[in-house]
Amino acid sequence: LKESGRQWLKLFGSALIDHLGFRDNFLMIGHRGLASGSAIEYHITKRDKSEAFAPPIEKAGCFSFPLGNKVNMDNTMPEVLYGEEIKVGARIENCGLPLPCRDGSIAVQVDTGIGDSRQPSICVGDYIRMDGSTNSAGRGFNVVVLDPHSLQPVRLSHMDTYTSDSTDLELLLESLHMNEIVIAVIADDASRKLGQSARDMLNKLGSGHIQNLRFRDVWYFVGQKGIEGFTQMEQLSFSGFDGGWPKPLTTRFCVPRKVPTSQIMIEPESRRNDRRRQFCSKYEGYTDFCNPASVDDELKAISVASKEMKGHEIFNVPVIIIPGLNHNTFVHTLQTTLMQPGIKVENVAVFWDEKLPEYGELAALFGFQNYSLETSTSYSEQLMRAVRLSRTVFPKAQHMIIIEEDLLLAPDFMSFMAQSLRAINNDPTLAGATAWNINGFEDLSGNSSLVYRVQEFPGLGFLMKSEILQSLINSWNNCCKNRAWVGWLSESSEQEMLMPDVSRVYRSPFFGAEAASDLARRLFVKPRRTYLDAEPPRLSLESVIGQQYDAFLQTQIMRGEVIPPEDLVECVRGQPTLPDFSQLSKLPLVIYYHQESTSDVELLLKLCNCFGLVIVEKNQPKNLHRGLLRFVYQEHDVFLVGSMTPFFKAQLNTTDILSPSHIST
């Protein structure tokens, strides 16, 4: 209890307040302006040193008002400067405004200073009224009161509510006359000993943000006694979650005799995200997510703007996220998931390893469901457990979207899945759609509207029918112990997946033991193409359903330009020279090669090596459809057609077919 607080209680009639000691009990009924000794008051001390507290005081009775003689309260405010006592500082024309204020208003500049290195300042009507060298501005509250008629300062005070309680501030605010204008600036810290009563009084003067003031936040405010609503002249800047200095506030405006108000609280320049701050204080290493510049950013789903996507069934499909060990890329996965327009956070579930409970807290910050999994010895095992549990969490789901570790979703990821879902529902031979093209390197893809049918899928980010997922779960040890890009096989070999030419997910750089493998280096070191535009393209899906796809491929191959084998010989022999098709017409390009049987892929593998297409373990090419391999190269739709595939033209000249003799000669 500050000495000035005791003095003020005396002005409410107390005579015993000076005797109040540690753990004494005190009861008082008084009122403002009551002569000292006229209050009803009781004071009891501890009987002896062995007692922890003084005995309680309980009284009942009646009293009249006033309780006694009243005294004059004028000019009794401690540490408040009045009239001629107010020094005038440096002259700043119009307080920095480019033009003079209109009649009936006055120029004001407020500056919260910078941390503890630059003092705050208040300029009113061409002159500094408070700063470090004028009227003792400093840490805590700096207040200037303006006369509502002359708009000139009549009182001002500095109150350090970091060191002392807010009694002086409360009494200054209590002393305001009707329509007087209050200009307040907070610097360094003012929250430490700021009482709720002071906050409530500032709220009645028009503040909408004082209740949110925390340690080292800075704030400016222009309010008025008798105001109705919230002032439009207020702003709050939050300190860093680690106690770092906030962004300083400096602004200039014309203050009229009646402070402008709004019935709706003025939005702050930024909001405090206390849950996110608490997480960042608790866990280290979240460099981007806990950046002080963005730690208060709101984590909120985005509404869908496209009429075609509003109410689409894709938003009822559960999204299953299975993070790995890289916590920063996990954050990126959550962020790019939340950024999908139209996403329903209640349909997103994160399944995390029990060793990483912070992942559950992180998922909850985004509003996603989260479930703990028993610790696994490999990511594939964790993936299996997550998929199995997801079938229990979402038992009625007909489809699932699976997001594997370290993925960033393209802006149109959900749009791609929505368009694909229509084709999947209309074709029983389609198991789902994958968002990642295993051959989607920068030089081997580029048509954002193009979608393929492929006999297997590389995993990472995909949508799949629930019954197909269940079949994978039932045969996991046989089909899926390796990573999906090595090759997962379902029980039904007739099932195919839709795959975009340009990937709709980006996998962050690969770490861990798996990153050292030759396959991982081939997959994730070479630059890849990912669709990044905010506007989703319309996919070419009309021809991918059922047998229409084969007919479409036949048509494209028939109208395509055949690449003669001699243009490919050096490349397929392993020379570093890549084929150059940049000068050819934009027709599809067809490369025919010889096969001894349907399983003969010897020349196909050489062509894959020539163009840089992916070959996985057991020397198997990827992205095949009935033996056909399709990709985009130098803006051409390229088809690799084997002689034993159903797309081969029997009437071709042998000179148009790449054969083993071209390589051996």
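**Annotated span.** I started with residues 139-226, whose end C-alpha atoms lie 28 Å apart. I noted the make-up of this span as 19% helix and 32% strand.

**Confidence.** I am working from a predicted model. I looked up the mean pLDDT of the protein and found 89. I also noted that 95% of the residues reach 70 or more. Which element has the lowest mean pLDDT, and which the highest? I found the lowest, 75, in helix H10 (residues 476-479). The highest, 97, belongs to strand S4 (residues 105-111).

**H2 and H3.** Next I took helix H2 (residues 167-174) and helix H3 (residues 196-204). Their axes come within 9 Å and cross at roughly 30°. Angles under 35 degrees count as roughly parallel, so I logged H2 and H3 as roughly parallel to each other. The crossing of H2 past H3 is left-handed. I then listed the residues that meet. From H2 they are Leu169, Glu170, Leu173 and Glu174. From H3 they are Ser197, Ala198, Met201 and Leu202. I sorted this contact by class and got five nonpolar residues, one polar and two charged.

**H7 and H9.** I repeated the check on helix H7 (residues 379-393) and helix H9 (residues 466-474). Here the axes come within 10 Å and cross at roughly 135°. On the H7 side I found Val387, Arg388 and Arg391 in the contact. On the H9 side I found Ser466, Leu469, Gln470 and Ile473. By class, I wrote down three nonpolar, two polar and two charged residues for this contact.

**Backbone checks.** Last, I went through the backbone for exceptions. Most peptide bonds are trans, and most residues other than glycine have a negative phi. I found a cis peptide bond between Phe65 and Pro66, with omega at about 0°. I placed Pro66 in the loop between strand S2 (40-44) and strand S3 (80-82). I also marked Asn94, a residue other than glycine with a positive phi, near 55°. Where does Asn94 lie? I traced Asn94 to the loop between S3 and S4.

Key. Residues are numbered from 1 along each chain as its sequence is written. This is a predicted model: local features need pLDDT of at least 70, side-chain atom pairs count only at pLDDT 80 or more; totals for chains, interfaces and linings use all residues. Side-chain values use heavy atoms; hydrogens and water are left out. Axes are lines fitted to C-alpha atoms, for helices over the stretch in contact, and angles run from 0 to 180 degrees between N-to-C directions. Helices (H or I, at least four residues) and strands (E, at least two) are DSSP runs, numbered from the N terminus. Angles under 35 degrees count as roughly parallel, over 145 as roughly antiparallel, 65 to 115 as roughly perpendicular and the rest as oblique. A crossing is left-handed if the near helix is turned anticlockwise from the far one by less than a right angle, and right-handed if clockwise. Contact means heavy atoms within 4.5 Å. Ala, Val, Leu, Ile, Met, Phe, Trp, Tyr, Cys and Pro count as nonpolar, Asp, Glu, Lys and Arg as charged, and the others, Gly among them, as polar. pLDDT is the predictor's confidence in each residue, from 0 to 100.
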